Amino acid sequence: MTPSIAIIGAGPCGLTLARLLECNGIDYVVYERDESEDSNRRGGSLDIHAETGQRALKEAGLFEEFKKHARYDDAVLTLANQQGERVFQAGQGRDAPEIDRVALRQILLDSIPKDKIRWGHLLKGTTQDEDGHHILQFMDGASASGFKLVIGADGAWSKVRPSVTEAKPLYSGNHYIESRISPNSPYYSTMVSKVGAGTLMCLGSSKEIVTQRQGDGSYRIYLGITVPEDFVRGGTVNLTDTESTRRLFLSSAFFGDWADDLKDLIRYSDDFRSWPLYYMDPEAVSWKTVPGLTLAGDAAHVAVPNGEGVNCAMADALVLASKLEAYGTENLDRAVAEYEDDMFRRGAEHIRDGQKMAALIRHEDGPAALISFFNEVMASAAAQAP
Ligand SMILES: Cc1cc2nc3c(=O)[nH]c(=O)nc-3n(C[C@H](O)[C@H](O)[C@H](O)COP(=O)(O)OP(=O)(O)OC[C@H]3O[C@@H](n4cnc5c(N)ncnc54)[C@H](O)[C@@H]3O)c2cc1C
């Protein structure tokens, strides 16, 4: 028998939702483009917030398992300028532990029966039959139908989204170039003594060098730069050529005038990859509810990274699952309408927060603007404390 609900995408949003439906006894199936659970080991570290991501994990009965992988000591954030001087630190004791994306995915995957996930299913789009039922069309020519509800949790480039809105992600003007320094690097021991736990953000001249410790002790390095959308695709840089990539980013066009210590992070980095950063127009995160179809997570409201993306996606899963439980699969339109009402507000706010944070991070004067913002937030929290 066809399950009531099809979830497209086995990311944090789709899998959290699947687990919550599993707990509530609602039948579902997940379609994921990756060939198997081992075929995508990509992704850095995510901080999971108390009121959203952690709450979803608690409701899903997975919080104890999460705590085995959660790194509370990596919640610390240090800010430095482009001369490498540490000018601010916060986050010690903050209830926002880090977890590797791969570890989070594994916890969620282990909590769902294996036959509920159809690997190697790359969705091409959705169509409708003459009765208005949605049909999933896959790239390999296969199709699936008969669902009461299709949920697009298929990330920024969602193939479900065109069936609910014409809006598309917009390029922010910024890229992160990701790389890493592994424990077998000759620079690793220096890295540990100089950087240690948590995240170090070095800001200046509207650029960033960010380091983030991972669960296996390695470090991800993110170079935040303002470049055209086709910077990598157009051939300005060939990221598979490590030496020429390092030379380009060490040149005066990028980080040539930064402190030598910080340039070492580029000199010893390898495995370069690019993340062009996209966001939805917050005004577009609102549409007339389409019977039998909705979006969740980045598919609905991709934002430039602000530490909230995965949390907002897991909150979507929590709200949607609770509405589906409350109204049952017999009153799906109401469940979806109430979920979307809540999601539209949170999603648009998340995108605006991302834009605000990006402007502070990429400020031409370096970390001062971001420090003032953090100080204001901390002062306001202290004033509200009992
Ligand atoms: C560089 C970078 C750093 C980030 N750092 C943080 C951070 O520190 N904290 C934070 O909260 N957020 C962070 N984010 C944002 C966060 O990664 C996302 O908000 C979050 O992963 C969204 O989850 P999701 O499940 O909605 O989408 P995704 O994680 O994108 O998952 C979508 C899933 O759908 C699958 N899929 C995609 N297309 C199809 C298709 N056509 N057919 C079938 N399956 C498909 C994908 O393979 C994937 O498994 C960062 C993002 C970037 C780019």
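Residues are numbered from 1 along each chain as its sequence is written. Because the model is predicted, local features need pLDDT of at least 70 and side-chain atom pairs count only at pLDDT 80 or more, while totals for chains, interfaces and linings use all residues; side-chain values use heavy atoms, without hydrogens and water.

**Stop 1: helix H1**

Select residues 12–24, which form helix H1. Helices here are DSSP runs (H or I, at least four residues), numbered from the N terminus. H1 has 13 residues and reaches 18 Å from its first C-alpha to its last, close to the 18 Å expected at 1.5 Å a residue. The expected span is 1.5 Å times one less than the number of residues. Now colour the buried residues of H1: Cys13, Gly14, Leu15, Thr16, Leu17, Ala18, Arg19, Leu20 and Leu21. Buried means under 20% relative accessible area, exposed over 50%, and partly exposed in between (1.4 Å probe, protein chains only). Just after H1, select Gly25, which takes a positive phi of about 70 degrees.

**Stop 2: Arg55**

Go to Arg55, in helix H2 (residues 50–59). Arg55 is partly exposed, with a relative accessible area of 42%. Leaving aside neighbours within four places in sequence, Arg55 is in contact (heavy atoms within 4.5 Å) with His49, Ala50 and Leu318.

**Stop 3: helices H9 and H10**

Cys312 lies in H9, on the contact with H10. Select H9 (residues 309–327) and H10 (residues 332–361), which pack at an angle of about 160 degrees with their axes 8 Å apart. Axes are lines fitted to C-alpha atoms, for helices over the stretch in contact, and angles run from 0 to 180 degrees between N-to-C directions. H9 and H10 are therefore roughly antiparallel to each other (an angle over 145 degrees). Residues to show include Val319 and Leu320 in H9, and Tyr339 and Met343 in H10. By class, this contact of H9 with H10 has 10 nonpolar, 2 polar and 6 charged residues. Ala, Val, Leu, Ile, Met, Phe, Trp, Tyr, Cys and Pro count as nonpolar, Asp, Glu, Lys and Arg as charged, and the others, Gly among them, as polar.

**Stop 4: helices H6 and H7**

Finally, select H6 (residues 242–250) and H7 (residues 260–267), whose axes come within 9 Å and cross at roughly 155 degrees. H6 and H7 are therefore roughly antiparallel to each other. Show Arg246, Phe249 and Leu250 of H6 with Lys263, Ile266 and Arg267 of H7, which make the contact. The residues of this contact divide into 3 nonpolar, no polar and 3 charged.

Terms used:
Helix = DSSP H or I, 4+ residues; strand = E, 2+ residues; numbered from the N terminus. Parallel < 35°, antiparallel > 145°, perpendicular 65-115°, else oblique.
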